[in-house]
Amino acid sequence: MLILGIETSCDDTGIAIVEADERRSKRGLTRIFNIKSNIVSSQIKTHAPFGGVVPNLAAREHLKNIEPCLKTALKEANLGMKDVDLIAVTAGPGLIPSLLIGVNFAKALAYKYNKPIIGVNHIEAHVIAAILSNSIQYSRNIFPAVALVVSGGHTQLVLMEKLGKYRIIGETRDDAAGECFDKVAKLLRLSYPGGPAIAKEAAKAMTNDQFLISNQIPIPKLPRPMIEHKNYDFSFSGLKTAVLYLVRDIKQKYQLFSDRAKDGINIIPKICAEVQQAIIDVLIEKTLRAAKEYKAKTVILSGGVAANSELRRQFELKIKSEELKTNFLIPKLKLCTDNGAMIAITGYLNRKQMTKKYDKIRANANLRIG
Ligand code: KG4
Ligand code: ZN
């Protein structure tokens, strides 16, 4: 089966063509996915001056890019629309102006070429991306799984009993983890998106030279919001405010005119390392506590923030050091951030729900996974 996957929930226009196949053998069912093309058009340049995604600008860019992306995806896969068996599109959650572009484009294509269509939950797709990146087949022995989905728009802990059976056990009460990275980066006048920019600065704090320079100024520990709370909810908006006061206090105390490399002192790398560590500590602590409580056989880390190499490394280390007997699954880097392939694959796995009643497919900014 050939599936066209369409993703426009935030600021990436993603179109992919995936070929899916199933084989039964003595060992059970094997699903084979061949990503024939996976085109992502990023809008970083559009949103960078604002330090965050501007929904109406995002919609305008999706509108401009979606057709060229489809053409490139088909060309790369050496296929035409007539070859496609199913159109899978992100129905939510996400920004409504962005979602509407993808959903309406998918419906128009489906109508024109008389194809079935399926609406896909974006969070489920992030989780599926992690499972498939590790070529682990859906089988009972990976469930129950606890999945942490961390991106610019979402921070959710999802208990997965089997494919299609999910329960949100915790989520952010304010900013998402990625949003916190983005807002802190804006505050520190780093580039957008903030996650990779902060990770890059934080890495400098580890190198000897930077370490010596910044050692002249000790950076106090930032809060780890809600880390002690018994529930699995998160809160990241206070961290941004804590950074704002931290920069102000350091500048006053040490009479620095700038947080930049003036006077031979650059406090940015160490602050970034501390912010990144605060976020990592909270994410790991809550996820592993949930994994223990729900006796998870698998821990999944997914979404744009899962691209953070320190987060990946420390997660792995902690799981090993606590001798948790769980699988740990993370997507390949390209499948961490938003893309059409994860939508196509998730659409295929849920294909029982495909329809030609196109008005049943609606964009829903607040679509829930469970
Ligand atoms: O999943 P995604 O592409 O889009 C949403 O659904 O939001 O995630 C984008 C988010 C941004 O907030 C970005 O700053 C963050 O993922 N991100 C990172 C890294 N790469 C992307 N955060 C931390 N470290 C990274 N290396
Ligand atoms: Zn996403």
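Modeller: Donors are N, O and S atoms within 2.8 Å of the metal (3.2 Å for Na, K and Ca); water is not among the atoms, so sites may look incomplete. This is a predicted model, where local features need pLDDT of at least 70, side-chain atom pairs count only at pLDDT 80 or more, and totals for chains, interfaces and linings use all residues. Residues are numbered from 1 along each chain as its sequence is written, chains are lettered from A and ligands numbered from 1 in the order in which they are written, and side-chain values use heavy atoms, with hydrogens and water left out.

Start with the zinc ion (ligand 2). Its protein donors are His-122 (NE2), His-126 (NE2) and Asp-338 (OD), lying 2.1 Å from the ion. The donor residues follow the spacing H-x3-H-x211-D in sequence. His-122 lies in helix H4 (residues 122-133), and Asp-338 in the loop between helix H11 (333-336) and helix H12 (340-349), so this pair ties together parts that are 216 residues apart in sequence. Helices here (H or I, at least four residues) and strands (E, at least two) are DSSP runs, numbered from the N terminus. Both His-122 and Asp-338 are buried. Buried means under 20% relative accessible area, exposed over 50%, partly exposed in between (1.4 Å probe, protein chains only).

What is the geometry of the site of the zinc ion (ligand 2)? It is irregular, with angles of 91 to 153° among its 4 donor atoms. Four donors count as tetrahedral if all angles lie between 85 and 135 degrees; four count as square planar and six as octahedral if opposite donors are over 155 degrees apart and all others between 65 and 115; anything else is irregular.

Now the rings. The whole structure holds 5 aromatic pairs. Rings of Phe, Tyr and Trp (its six-membered ring) pair if their centres lie within 6.5 Å; planes under 30 degrees apart count as stacked, over 60 as edge-to-face and the rest as tilted. Tyr-232 and Tyr-294 have ring centres 6.4 Å apart and planes at 55°, so their pair is tilted. The two sit 62 residues apart and link distant parts of the chain. Tyr-232 is buried, at 6% relative accessibility. Tyr-294 is partly exposed, at 22%.

Phe-315 and Phe-328 form a stacked pair, 5.3 Å centre to centre with 20° between the planes. Phe-315 belongs to helix H10 (residues 309-321), Phe-328 to strand E10 (residues 327-329). Phe-315 is buried at 0% relative accessible area, and Phe-328 is buried at 15%.
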